[in-house]
Each structure stands twice: as structure tokens, then as C-alpha cells.
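Trainee: I have a model open and would like to learn how to read it. Could you walk me through it?

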Amino acid sequence: MPRPDDEWIGRLYDRYGAALYRYASMVLADPAGAADVVQTVFLSLVRRRSTPEFDERYLRRAVRNECFTALRKRRRDVLASASPVLEAIDPARDRPDERLALERALGELPPDQREVVHLKVVEGMTFQEIADLTDESINTIASRYRYALDKLRAHLT
Amino acid sequence: MRDNDDPLRGYRPAGPPPGLRARIVREAEGARAPSLREWLPAIATAALIGLLYIAATGIRARVYSQLIDPADVPEVEVLSP
């Protein structure tokens, strides 16, 4: 029978793990690296041995910090990975060639632009919310998003 | 791009691998359990204290055995010239 602490970390993962993993995967463009980042963040919570009062905002910031630390260490934005970065929301409409082209195009973007695309498109956050999370101005975030869309458009046409 | 409103064209980042949750819970258990390495300095200190105590006991016994009980010393009469 698992101890209460195991249930706590498991429940926290069940609630936030998938979203945090997707966020890390998009920033890193590396699914394996994203798994490591999420694991590092969750284990750091365990090692603190403090009351498990972590909201999504706190966890997202922790994952963000860990992602950019990982990016600084590896000095490369994109690593070859066997796992796909993207999946079709509707599996029936999955077109592998289109998906791979989009993955390549996203891989060409700087991590901070991929991050804005993810937070805006996947998470549905406003520019103001993204600016608050990243400690950037709203104009910077809007510019990053616009640049990212322009680059994606250029890569995919 | 076909659709500016959906730059990801109906795709999203793939979800976590199925084993990630179990991996985190397993590692969390290891991170919490006190490892032998954490206890090693305390164990070494206790062992050292025990050895010193045993050595001190032996030395003390040897010293005591060489001391002469004042009751066993014969009285000496000093004669004046």
C-alpha cells in the first residue's frame, strides 16, 4: 500500500503533469528532455519536505526555469528524438508528413518563441498572462508571437 | 500557413510517456527514504566513540594495576643520625 506522500506526489502529477510535460516538450522541442525536466521539478518538491501547496502558476514557473537551465546546458535548441513532439488533437486527422513538417518548423524557432506559441495556442493564455509568467512586457510577447507565426508560415509554405 | 487562427494546424504537443508517473513516484520514494549514505557519518562517529572508550578502559586498568595501594606500603622508620 503506498504511503500518503506517494499519493500526494502522484495526485499532483495527475493534475498538472501532462500539461507541464507538454509545455516543457514545446519549449525544449525534445520529449525526452521534457520528461527529465518534469521529473526534476516534481522531485525538487519532494526533497523540500514542505506542505504540498503548489499551484499551477508555481509549477509552470519551476518547469520554465528548469527548461531554460537545460537549454543553457546543452547549447542546442533541438535534439533528435525518437518520440514525436506533436500529436493530432483528432487522431483521425493526423497526417504524419504535415505533422513532421510542423515539428521541423517549430524546431527552427527559438525556444522563447515556441513557448509563446504554446502558451497562446495550446494553453489559451492571453498576452498579459504570458507576460506575467515570463517577466516580459506585453509588447515583447506580442512581437514574439508575431515573429513565430511569420517564421512558421515561411517554413510551411 | 493555411490557417492563421490555428498555427499548429490541429496538432498539439504529445502527452507524457506512460511510464513517467511511475518513474516520478518511484524516484520520490527514493528521495524521501533516508539512505545509508546519510547515516554514515553518524555511524562512523558512534563507532569511533566506542573504540576510544574501549581503549581508554584498557589503559585505565593497566595504570591502576601498576599503582600501589598506600595500605600495602610498609612503614619506614627514619632514624636520625
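Mentor: Gladly! Keep in mind that this is a predicted model.

Trainee: How many helices and strands does chain A have?

Mentor: Chain A has seven helices and one strand. Along the sequence they run α-α-α-β-α-α-α-α. Of the 157 residues in chain A, 45% are buried.

Trainee: Now the interface. How many residues of chain A are in contact with chain B?

Mentor: There are 44 from chain A, touching 25 of chain B. Between the two chains about 3,400 Å² is buried, with 61% coming from carbon and sulfur atoms. On the chain A side, Tyr13(A), Gln39(A) and Glu98(A) lose the most area, together 16% of what that side buries.

Trainee: And how many salt bridges cross the interface of chain A and chain B?

Mentor: The rule finds four. One of them pairs Glu98(A) with Arg9(B), whose closest N and O atoms are 3.4 Å apart. The interface also has 11 residue pairs in polar contact. Helix H1(A) gives the largest share of the chain A side, 11 residues.

Trainee: Which residues form the nonpolar patch on the surface?

Mentor: Leu36(B), Trp39(B), Leu40(B) and Ile43(B), with about 450 Å² of accessible area together. Leu40(B) sits in helix H2 of chain B, residues 36-66.

Conventions. Residues numbered from 1 in each chain as written. Chains lettered and ligands numbered in written order. Predicted model: local features only at pLDDT ≥ 70, side-chain atom pairs only at ≥ 80, totals over all residues. Heavy atoms only, no water. Helix = DSSP H or I, 4+ residues; strand = E, 2+ residues; numbered from the N terminus. Buried < 20%, exposed > 50% of the residue type's maximum accessible area, 1.4 Å probe, protein only. Patch = residues over 30% accessible without salt bridge, like charges linked within 9 Å, V, L, I, M, F, W, Y side chains within 5 Å. Areas by Shrake-Rupley, 256 points an atom, 1.4 Å probe, with all protein chains shown as cover. Salt bridge = Lys/Arg side-chain N within 4 Å of Asp/Glu carboxyl O. Contact = heavy atoms within 4.5 Å. Buried area = accessible area lost by both parts, 1.4 Å probe. Polar contact = N/O pair within 3.5 Å; in protein donor to acceptor, adjacent residues only side chain to side chain.
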